[in-house]
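Here is a short briefing on one protein model. Look over the sequence and the structure, then read on.

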Amino acid sequence: MLRFSFLGFPVSIQWMFWLTLALLGGVFRASGDPEAMQRVLAWVVAGFFSIFIHELGHALTMRHYGARRVEIVLHSFGGYAMPDRSFGRSESFFVSAAGPFLQIAAGVVMWWVKDAWQPQNLLATHFMSSFVQVSISWAVLNLFPIIPLDGGRIMQALLGPRRQKTALIVSIICAVGFGVVAVAFRQVFIVIFFALFAFNNWKELQGERPTMMP
């Protein structure tokens, strides 16, 4: 596990994080092709920076609301920022929204830079295009009202503690619905994610402890 500190935030990166990004980048298809492997590497680096910026948005907002220690963890399913305190409804709303907001903003800036600069180096172009793709598409996906995605956390904050069962039901319906759509588009990883989300939400709705995500 890689560990370092950034802006006072301890950061941990699990090896499965790199493997998952490589698989999503098509590492098996690139096997034996040096140029294709370079593109996969550019994708992995772009994905790392994009997801790290996302979690940094959460961490900075948590610090703003009084958290003294926030740890950032990147794992196979993305990442999370873990504070040393809990937050109220309005604080939770802004904490959850800050990650995708900063990620989308970073993607838009990179899009503008790529369009203005128009790099001639193909690897730089692929890196910038990958960063824009991950930053915008993944952030939008993260805003779906599915727990534990940021959109699900935002929904929980909006509904309040008395309507958490409603939030779980909405989350299950959305996870199943989007999973079916992902099947139609043959997005295997997204199908797996949504299936796990729906299963965990169902267990929590039944009063059982959710399965820990890898």
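A salt bridge is a side-chain nitrogen of Lys or Arg within 4 Å of a carboxyl oxygen of Asp or Glu. A search of the whole structure finds one. This is a predicted model, where local features need pLDDT of at least 70, side-chain atom pairs count only at pLDDT 80 or more, and totals for chains, interfaces and linings use all residues. Residues are numbered from 1 along each chain as its sequence is written, and side-chain values use heavy atoms, leaving out hydrogens and water.

**The salt bridge**
- Side chains of opposite charge can pair when their charged atoms come close.
- Here the partners are Arg-85 and Glu-91, with their closest N and O atoms 3.4 Å apart.
- Arg-85 is partly exposed, at 34% relative accessible area (buried means under 20%, exposed over 50%, partly exposed in between, with a 1.4 Å probe and protein chains only).

**Aromatic rings**
- Rings of Phe, Tyr and Trp (its six-membered ring) pair if their centres lie within 6.5 Å; planes under 30 degrees apart count as stacked, over 60 as edge-to-face and the rest as tilted.
- The structure holds 12 aromatic pairs.
- Trp-18 and Phe-48 form a tilted pair, because their ring planes meet at 40 degrees, with the centres 5.5 Å apart.
- This pair joins distant parts of the chain, 30 residues apart: Trp-18 sits in helix H1 and Phe-48 in helix H2 (residues 34-64).
- Helices here are DSSP runs (H or I, at least four residues), numbered from the N terminus.
- Trp-18 is partly exposed at 31%, whereas Phe-48 is buried at 13%.
- Ring pairs also build a cluster, whose members include Phe-4, Phe-6 and Phe-17.

**Thr-20**
- Helix H1 (residues 15-24) also holds Thr-20.
- Thr-20 is buried, with 10% relative accessibility.
- A polar atom of its side chain lies 3.3 Å from the backbone oxygen of Ser-76.

**Helix H3 and the surface**
- Trp-112 lies in helix H3 (residues 89-117) and is exposed, at 60% relative accessibility.
- Val-109, Trp-112, Val-113 and Trp-117 make a nonpolar surface patch of about 460 Å².
- Such patches use residues with over 30% relative accessible area and no salt bridge, with nonpolar side chains joined within 5 Å and like charges within 9 Å.

**Transmembrane regions**
- An unreviewed UniProt entry places the feature "transmembrane region" at several stretches, among them residues 40-60 and 92-113.
- UniProt annotations may be inferred rather than shown by experiment.
- Residues 40-60 are 100% helix, with end C-alpha atoms 30 Å apart.
- Residues 92-113 are 100% helix too, and their end C-alpha atoms are 32 Å apart.

Note on methods. Areas by Shrake-Rupley, 256 points an atom, 1.4 Å probe, with all protein chains shown as cover. Helix = DSSP H or I, 4+ residues; strand = E, 2+ residues; numbered from the N terminus. Polar contact = N/O pair within 3.5 Å; in protein donor to acceptor, adjacent residues only side chain to side chain.
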